[in-house]
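Visitor: Could you walk me through the side-chain packing here? I'd like to begin with the aromatic rings.

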Amino acid sequence: MRFPDLADRVSAIRSRIDEAIVRGGHGQRVEMIAITKTHGVDAVRAAYEAGLRKVGENRVQEALSKMDEADVDVEWHLVGHLQRNKAKFAKRFALIHSLDTPRLADALNEAGLAEGSPLRVLVQVNVSGEESKGGFSASDLTSFAPSLAAMSGLDVVGVMTMAPYGAREDVLRATFGGAREAREALQHAGLTRACELSMGMSDDFEIAVEEGATMVRLGTILFGART
Ligand SMILES: *Cc1c(COP(=O)(O)O)cnc(C)c1O
């Protein structure tokens, strides 16, 4: 078995999350999304055997082939950029974390309408303004929110963000706090189901949880370094 102590890791991380919830005082529930990108289906099966039921990938093609091959009963999340011409695959995912442009919103809305059931999405916000990262700025999101609220092919359940890699704690807190405010802006625009905050990765999940994360996306800390 390639990931022998995964169940132990999961329970140690769970404790760290629970302690961070107490420190942060937001009282939220937090779910772990196991990010299996670049690993084989054995990582997906190991996650399942360790009791995890939510698996995330950042590329559609890689996700689709693992879904078929792994053949375990997990929920699949897409956490990376989705090209508009792949919007038709969105329905294979329980949640798209990366609605990052108005044009993608249109494409996903159309796909949801065609499907006859809305697609569950998170709006990606780029709080830090890093050019290498996708997502709406806080002000763009505020102006786009009413349009989003009118898209009945979408079920907008919250916000996702990524902090700058290796950032200092104050920068991390500002980023995660900004995502929390973006979620509030969505709710004020009438997107009352926007309750989730997907933020925090292996290096910064505890601070993200302290700042209110409801979903943490963990790769390296579960499966080791990616090759
Ligand atoms: C790879 C990835 C993660 C997991 O990163 P780790 O640092 O390995 O935990 C989380 N979110 C997204 C969007 C990713 O692409």
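Visitor: How many aromatic pairs does the structure hold?

Guide: The structure holds 2 aromatic pairs, where rings of Phe, Tyr and Trp (its six-membered ring) pair if their centres lie within 6.5 Å, and planes under 30 degrees apart count as stacked, over 60 as edge-to-face and the rest as tilted. This is a predicted model, in which local features need pLDDT of at least 70 and side-chain atom pairs count only at pLDDT 80 or more, while totals for chains, interfaces and linings use all residues. Residues are numbered from 1 along each chain as its sequence is written, and side-chain values use heavy atoms, with hydrogens and water left out.

Visitor: Why is the pair of Phe 3 and Phe 223 edge-to-face?

Guide: The ring centres of Phe 3 and Phe 223 are 5.4 Å apart and the planes are at 80 degrees, so the pair is edge-to-face. The pair links distant parts of the chain, 220 residues apart, with Phe 3 in the segment before helix H1 (6–24) and Phe 223 in helix H8 (residues 220–223); helices (H or I, at least four residues) and strands (E, at least two) are DSSP runs, numbered from the N terminus.

Visitor: Phe 3, buried or exposed?

Guide: Phe 3 is buried, with a relative accessible area of 7%, and Phe 223 also counts as buried, at 7% relative accessibility. Buried means under 20% relative accessible area, exposed over 50%, and partly exposed in between (1.4 Å probe, protein chains only).

Visitor: And what about Phe 136 and Phe 144?

Guide: Their ring centres are 5.4 Å apart with the planes at 15 degrees, so Phe 136 and Phe 144 form a stacked pair. Phe 136 is buried at 5% relative accessibility, and Phe 144 is buried at 12%.

Visitor: Switching topic, where is Leu 122?

Guide: Leu 122 is in strand S5 (residues 119–125), and it is buried, with a relative accessible area of 0%. Not counting residues up to four places away in sequence, Leu 122 touches several residues, including Leu 95, His 97, Val 157 and Glu 196, contact meaning heavy atoms within 4.5 Å. Leu 122 and Val 157 are 35 residues apart in sequence, yet 5.8 Å apart in space, C-alpha to C-alpha.

Visitor: Which residues touch the most other members of the largest nonpolar core?

Guide: In that core of 69 residues, Ile 17, Leu 108 and Leu 222 are among them; a nonpolar core is a set of buried Ala, Val, Leu, Ile, Met, Phe, Trp, Tyr and Cys residues joined through side-chain atoms within 4.5 Å. Helix H1 gives the most to this core, with 6 residues. A second, separate core of 8 residues includes Leu 122 and Met 215.
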